[in-house]
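I opened the model to look up its pocket and its sheet. My entries follow.

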Amino acid sequence: MSTSAQAAVNEHEALNQFYHQFTEAFEHLDTDKLANVYAENACYIPESQGKEITMGKDNILKLYNKFFGKIKHKNAKIEVDFRVIERQLEPQNATDIGYYLIRFHPPAEAEEPVSEFSGKFVNVFKKEADDRWVLTVDTSNRSDPSFYFNAKPSPNLYYGRQYSALPAIESVQAK
């Protein structure tokens, strides 16, 4: 493999690591696992029309703390997964486009089914002076879970877990 081809593979691996960090953070409800993900001046554009854009890494991490706190309070669990279908990679910038799936597992004593919701995302990364990638723009919106399940893997792009669709009786798309 040529040096430039190996360098490109290394960049893809570095960017794919972000999705591992998100899955770990959700699995453990641990915002600390996201501390190195965002740039100091990152912005998070929420899917909800009723919420404003969140500016700054500290404010984004506060949102995750609040969200994870709600899950902990319910004694529930949550999983997230991603399928990147397109990556536009330049020497100092990268843009990932894909689908995500979130599964909410209520506490066992609730005797409620697992629910899921999904969406599309665009993540914009920049390379810092120390050659470390950071997330500068994080935006998503909701979509049908079938888009996530039907997404095909692409070479070098994060493809996540091999989830299968929940049985229709258990699958509840959040509104």
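I took a pocket as an open set of points on a 1 Å grid over the protein atoms alone, where a 1.4 Å probe fits, with protein on both sides within 12 Å along at least five of seven lines. A volume is the space filled by probe spheres set on the points, which are joined across faces, edges and corners. This is a predicted model: local features need pLDDT of at least 70, side-chain atom pairs count only at pLDDT 80 or more, and totals for chains, interfaces and linings use all residues. Residues are numbered from 1 along each chain as its sequence is written, and side-chain values use heavy atoms, without hydrogens and water.

**Pocket.** I found about 1000 Å³ of space in the largest pocket. Its lining has 32 residues (an atom within 4 Å of a point). Tyr44, Glu47, Phe67, Phe117 and Arg142 lie nearest the centre. Helix 2 gives the most to this lining, with 6 residues. I count helices (H or I, at least four residues) and strands (E, at least two) as DSSP runs, numbered from the N terminus.

Next I traced an open sheet of 6 strands, order 2-1-6-5-4-3, with mixed pairing (at least two DSSP bridges between two strands). Strand 2 (54-55) and strand 3 (77-89) stand at the edges with a single partner strand each, so one side of each lacks a neighbour in the sheet. Strand 1 (residues 38-45) pairs with strand 2 in the antiparallel sense over 2 bridges. There, Cys43 stands opposite Met55.

**Ile85.** I looked up this residue in strand 3. Its C-alpha atom is separated by 9.5 Å from that of Pro155, 70 residues apart along the chain.
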